[in-house]
Number of protein chains: 2
Amino acid sequence: MSGETSGRLTVVGLGPGAARQMTPEAAAAVEAADLLFGYAPYLARLPERAGQKRIPSDNREEIARASAALEAAAAGAKVAMVSGGDPGVFAMAAAVCEAIEHGPDAWRALEVEMVPGVTAMLAVAARCGAPLGHDFCALSLSDNLKPWALVEKRLVLAAEAGFVIALYNPVSRARPWQLGRAFELLRGHLPGHVPVVFGRAAGRADERIGLFTLAEADPARADMATCILIGTTETRIVLRPGLAPLVYAPRSAPAAS
Amino acid sequence: MSGETSGRLTVVGLGPGAARQMTPEAAAAVEAADLLFGYAPYLARLPERAGQKRIPSDNREEIARASAALEAAAAGAKVAMVSGGDPGVFAMAAAVCEAIEHGPDAWRALEVEMVPGVTAMLAVAARCGAPLGHDFCALSLSDNLKPWALVEKRLVLAAEAGFVIALYNPVSRARPWQLGRAFELLRGHLPGHVPVVFGRAAGRADERIGLFTLAEADPARADMATCILIGTTETRIVLRPGLAPLVYAPRSAPAAS
């Protein structure tokens, strides 16, 4: 690493997990880096390359990780920061932008590129039909960075709007009750028959996709890697002999809303 | 094609357009098909293969196209139906599910697979920072299949919820005024300084990304292939010397919502 500003930072979305769902652009960005930063399980998905150094981290301290990556890039390294799914959806791209805004001037002069990927809700949706087939929203259930009252406000408005709701970060060791509370709240605004999909590791060998009703949705079925899709009163379920049912949101909405 | 039920239908997301942003899974699904259905400009992106037949269509008549593809699959063909972006986001996956629900019993016995892709809002977001960095929604501005009053209701509730708003299908020859009306409506619910990104052909040679404020956003800058991202009062713009500004939605929200 020289002191020149020839370094750069690429923030890369690895997609939902299976190699066949990672774009060639993402694979090339990983391959081209001298230095790989990222949450350890994401780094573990990638082939080792001689001369490439890895700096694994846990999934907290995003700003510290972003700052370390920017510092290395400013010192001349070709750095890739990897995220699961898409880096712009509840992942590292925003943390990198935030670190640049509040960091030294030199970081604003760096070449920074975001490489998009298939985010979890799209991978889960694909495995059960087209549950995001009409207007939808994506909401992180984490109240680490926003007040829980704001999460509740958004859930209620999303239900009122008739958006399909994709929940990211539904639960963690430090946040055990939030998903149960979200289901309870939504049961006050949506009928109990509304379909709820729990999707984990979509497209991977250990994939788990479960279809329930809102009335019976059990928060204990989710962990931090689960993406949850909550349908609307319009959502349809098509039963198929010997095959998994198709869940889909119709493209058309009735005239009386 | 035999009369057996060995046929199958794969609904494939080609991603935003550049080959490097198409997943290997999508490329393999296209390669494996005997018969390709899709909107003509999407088919035109794909390499020709001997023995593979193409059935291009215009971008209307989605149910007719889905039914023709299902019929061919039921007759024994290996069929791929291609969509730009992700097939589950305002694209063909929901139309295929709908055709299966209302079609002959044989269609429910068919093997149907959806292959996810990078949808337009993710590709556009990646090109300008992380504008989808917190909770967001995706909304089609087309009132072909839902009443315009429902679009307005959703826009207002989304603004009230503080969601970043991604608009798909903002304009077409048959729908010239809807985007202007949407901006006008949102100006009544959000401050004029809120950033608005117009993104077209993200990641392709003819890419056009424009950053404006809500106050100055001009609907005439959009066409049917534009994806529009409307920020929130939280959205930040980071100016950089000699480089495009970064637009991002901070991960954290203030305690008072």
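Arg204(B) is partly exposed in this predicted model, its relative accessible area being 30%. Its salt-bridge partner is Asp206(B), and the closest N and O atoms of the pair are 3.8 Å apart. Asp206(B) also counts as partly exposed, at 42% relative accessibility. Over all chains, the count comes to 26 salt bridges, and 12 are counted between chain B and chain A.

**Salt bridges within a chain**

- In chain A, Arg49(A) and Glu31(A) form a salt bridge in which the closest N and O atoms are 3.7 Å apart.
- Arg49(A) belongs to the loop between helix H2 (40–43) and strand S3 (53–57) of chain A, whereas Glu31(A) belongs to helix H1 (residues 24–32) of chain A, so the pair ties together parts that are 18 residues apart in sequence.
- Both partners are partly exposed: Arg49(A) has a relative accessible area of 26%, and Glu31(A) stands at 48% relative accessibility.
- In chain B, Glu152(B) forms a salt bridge with Arg181(B), with 2.7 Å between the closest N and O atoms.
- Because Arg181(B) lies in helix H8 (residues 178–187) of chain B and Glu152(B) in helix H7 (residues 148–161) of chain B, this pair ties together parts that are 29 residues apart in sequence.
- Glu152(B) is buried, with a relative accessible area of 18%, while Arg181(B) is partly exposed at 25%; the cut-off for buried is under 20%.

**Interface of chain B and chain A**

- The contact involves 74 residues of chain B and 74 residues of chain A.
- The two chains bury about 6500 Å² between them, and 60% of this area is on carbon and sulfur atoms.
- Asp135(B), Arg154(B) and Arg251(B) supply 12% of the area that chain B buries against chain A, more than any other three residues.
- Arg251(B) also forms a salt bridge with Glu98(A), the closest N and O atoms being 3.4 Å apart.
- A network of salt bridges links Glu62(A), Glu98(A) and Arg251(B).
- Helix H4 (residues 92–102) of chain B provides eight residues, the largest share of the side of chain B that touches chain A.
- By class, that side of chain B has 44 nonpolar, 13 polar and 17 charged residues.
- Strand S7 (residues 136–140) of chain A and strand S7 (residues 136–140) of chain B run antiparallel and are joined by three bridges.
- Within this pairing, Phe136(A) stands opposite Ala138(B).

**Strand pairing within chain B**

- Strand S2 (residues 35–39) of chain B is mostly covered, five of its five residues being buried.
- S2(B) runs parallel to strand S3 (residues 53–57) of chain B, to which five bridges join it; Phe37(B) has Ile55(B) as its bridge partner in S3(B).
- S2(B) also pairs in the parallel sense with strand S4 (residues 78–83) of chain B, over four bridges; the partner of Leu36(B) in S4(B) is Ala80(B).

**An open sheet in chain A**

- Three strands of chain A form an open sheet of mixed pairing, in the order S6-S13-S12.
- Strand S6 (129–130) and strand S12 (236–240) of chain A each have a single partner strand and stand at the edges, so one side of each is left without a neighbour in the sheet.
- S12(A) and strand S13 (residues 243–248) of chain A run antiparallel, joined by four bridges; Arg240(A) has Leu243(A) as its bridge partner in S13(A).

Definitions and conventions:
Residues numbered from 1 in each chain as written. Chains lettered and ligands numbered in written order. Predicted model: local features only at pLDDT ≥ 70, side-chain atom pairs only at ≥ 80, totals over all residues. Heavy atoms only, no water. Contact = heavy atoms within 4.5 Å. Buried area = accessible area lost by both parts, 1.4 Å probe. Salt bridge = Lys/Arg side-chain N within 4 Å of Asp/Glu carboxyl O. Helix = DSSP H or I, 4+ residues; strand = E, 2+ residues; numbered from the N terminus. Nonpolar A, V, L, I, M, F, W, Y, C, P; charged D, E, K, R; others polar. Pairing = 2+ DSSP bridges. Buried < 20%, exposed > 50% of the residue type's maximum accessible area, 1.4 Å probe, protein only.
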